[in-house]
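Dear colleague,

I am passing on the structure we spoke about, and my notes follow it. Please read them alongside the coordinates.

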Amino acid sequence: MPDSFRYIVIGAGAIGSAAALRLAERADGDVLVLEQHRLGHDRGSSGDHSRIIRHAYHSAAYTALTPHAYAAWEDVERRTGLQLVLRTGGLDLFEGSAGEQDLVAYQHALDAAAIPYELLDAGQVRNRFPQWSLADGVRGMFQADAGILDIRRAVAAQVALARGLGAVFADQTRVLGVDHDGARLRVRTDRGEVLADHLVLATGFWAGELLPDLGVAWRIALSQEQVSYFATPAVREFTPDRFPVWAYHADEVHYGFPVYGEVAVKVARDSGRRTTTLTERTLEPDPEETARLAGFLARHLPRAVGPEAVSKTCLYDMPPDKEFVVDLLPGDPRITVAIGGSGHAGKFAAFLGQVVADLATTGTTSYPVSIFRADRPALTDPAFPATTRLSVAR
């Protein structure tokens, strides 16, 4: 491994691999990517088979970015010949006052971007998707472009393209610290030191280990989350050509997938309630959460109920406002930070790689990403209220 690069990216997950690709395009491959685990590992936020990709969001600021996200993944698909996005359509269901608030927000976001959708009553949902058991007061929204992003394949595709352009990937290389007081940035690893002109921090929930070296103490909390796959005996009713990705908005938000990756349906709860630390987190699923998810299926998707096939845990790293951090580091424009989005940044990753490359090479970007600024009060103000309702994520 050479000891000097123009750009170093720390983290080879969805955003890190995207940043490596877009930087390699602009820097003749003079890019090093440092990854503490093996490439393709399942200990971070870019594992498992699937993420929901969609236009329907709680905020017009996100929906304004979704066409760029789709276009960026289409570019990776075209260049590799791999299908990464499978359009299944997306069904959002809304129950009660909390659900009604989400419906209003989703309509506003889609209308602002002139993206078409259908509003459905409970009877219309049941007629189109008889898998659902719904009370009459539930309302639905269907958006045809939503679907599944194969996140693991997507990361591997970006790594392959970046390597083809000359980027170097050093996996199983742990970063011990960053010194940014000199003329060049010095990255200390367990394999020696490497110099760089510019550094990209894309470490996900491990960022807290390096942020002190960069002189910041941002308020980013970790929570342990779980997804569970249930081996439905009615497989044909839940294949992607018959059953869409979905989210159920009530006092709690649940979301799920058709049969994909595993011969089972995938379901989870958008939670953020079980806070933890890097040392306390566990890879062991919580049987109570599994039972809770099975209970949701029994009430609303009874034909999906089956034995637990597999459950997986992951971490969210979220600022109090639940927005990403994608910006130049305040006080040092030689460092770009792209963190704080575990849970719903994955489907934006190919696009965020373009934003990171803009920032790293020119110091600015034309994309409307001001909500991700690194100098916003939510990151530093102890009085900033935490948002309790998350975005549907994985």
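Is Thr313 buried or exposed? Thr313 is buried, because its relative accessible area is 12%, where buried means under 20% and exposed over 50%, with partly exposed in between (1.4 Å probe, protein chains only). Please note that this is a predicted model, in which local features need pLDDT of at least 70 and side-chain atom pairs count only at pLDDT 80 or more, while totals for chains, interfaces and linings use all residues. Residues are numbered from 1 along each chain as its sequence is written, and side-chain values use heavy atoms, with hydrogens and water left out.

Thr313 lies in strand β18 (residues 308-318), strands being DSSP runs of E of at least two residues and helices runs of H or I of at least four, numbered from the N terminus. A polar atom of the Thr313 side chain lies 2.9 Å from the backbone oxygen of Thr282.

Helix α8 (residues 349-362) is largely enclosed by the rest of the structure, because 12 of its 14 residues are buried; among them are Phe351, Leu352 and Val355. Just after α8, Gly363 takes a positive phi of about 85 degrees.

With best wishes

How values were computed:
A polar contact is a pair of N or O atoms within 3.5 Å; within protein, one must be able to donate a hydrogen and the other to accept it, and residues adjacent in sequence count only if both atoms are side-chain atoms.
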